[in-house]
Amino acid sequence: MDLQHFLDTTLVGLGYELVDFELARNGLMRVFIDKEGGITLDDCVAVSNHLSRVFMVENVDYDRLEISSPGLDRPLKREADFVRFAGEQVKIKLRLPLDGKKSVQGELKGVADGAVLVAVSADQTVAVPLMQIDKAKLVPVF
């Protein structure tokens, strides 16, 4: 079973977005969800109850299930994430160095021609190819 696709499909039907999930060796499954306006404790409880029942029916093997919001430093995984969070501060770790650097941090400007645009200064915007991104996350500004 493709767990990524299964969770995506199930959560969308409930009105949530799958941000990420982790499977730990000790049987722990962590599922990070989001929705417009943010996630509450009641959302986590509702998703946990629903997934527990669905996993039982579908024979998904896990010992413990944790449902969580992605937090203020939300990971950005899909091209749509980079479009949605344009204007926010972002830190991107690269698979291979770009102009001698393994990471880029600045204001997310969006996506164009298969690359994420990041304003690293007032007069410099870097285009990071989507295929070169290892990890990306929002940087909270307080």
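Visitor: How do you know that strands β4 and β5 are paired?
Guide: In this predicted model, β4 (residues 89-98) and β5 (residues 101-112) run antiparallel and are joined by 6 bridges. Pairing asks for at least two bridges, so β4 and β5 count as paired, with 6 bridges. Along the two strands, V90 stands opposite G106, and L98 stands opposite K101.

Visitor: What is on record for β4 and β8?
Guide: β4 also pairs with β8 (residues 133-138), in the antiparallel sense, over 5 bridges. L94 stands opposite I133 there.

Visitor: Why are β7 and β8 called edge strands?
Guide: Picture the open sheet of 5 strands, in the order β7-β6-β5-β4-β8, with antiparallel pairing. β7 (124-129) and β8 each pair on one side only, and that is what makes them the edges. On average, neighbouring strands of this sheet are turned by 40 degrees against each other, direction ignored.

Visitor: How do you know that β2 and β3 pair, and in which sense?
Guide: β2 (residues 28-34) and β3 share 5 bridges in the parallel sense. The requirement is at least two bridges, so the 5 bridges of β2 and β3 qualify them as a pair. Here L28 stands opposite R64.

Visitor: What makes the unit of β2, α2 and β3 right-handed?
Guide: Look with the strands pointing away from you: a path from the first strand over the helix to the second that runs clockwise is called right-handed. The unit of β2, helix α2 (residues 41-58) and β3 is right-handed, so its path runs clockwise in that view.

Visitor: Which side chains of β3 are buried?
Guide: The side chains of β3 (residues 64-68) alternate: L65 and I67 point to one face and are buried.

Visitor: Which residues have the most contacts inside the largest nonpolar core?
Guide: They are L7, V31, I33, L51, F55 and I67, in a core of 19 residues. α1 (3-14), β1 (17-23), β2, α2 and β3 each give two or more residues, and α2 gives the largest share, 5 residues. Leaving aside neighbours within four places in sequence, L7 is in contact with L18, F21, V31, L51 and F55. A second, separate core has 15 residues, including V90, I92, L94 and I133.

Terms used. Residues are numbered from 1 along each chain as its sequence is written. This is a predicted model: local features need pLDDT of at least 70, side-chain atom pairs count only at pLDDT 80 or more; totals for chains, interfaces and linings use all residues. Side-chain values use heavy atoms; hydrogens and water are left out. Buried means under 20% relative accessible area, exposed over 50%, partly exposed in between (1.4 Å probe, protein chains only). Helices (H or I, at least four residues) and strands (E, at least two) are DSSP runs, numbered from the N terminus. A nonpolar core is a set of buried Ala, Val, Leu, Ile, Met, Phe, Trp, Tyr and Cys residues joined through side-chain atoms within 4.5 Å. Contact means heavy atoms within 4.5 Å. Axes are lines fitted to C-alpha atoms, for helices over the stretch in contact, and angles run from 0 to 180 degrees between N-to-C directions.
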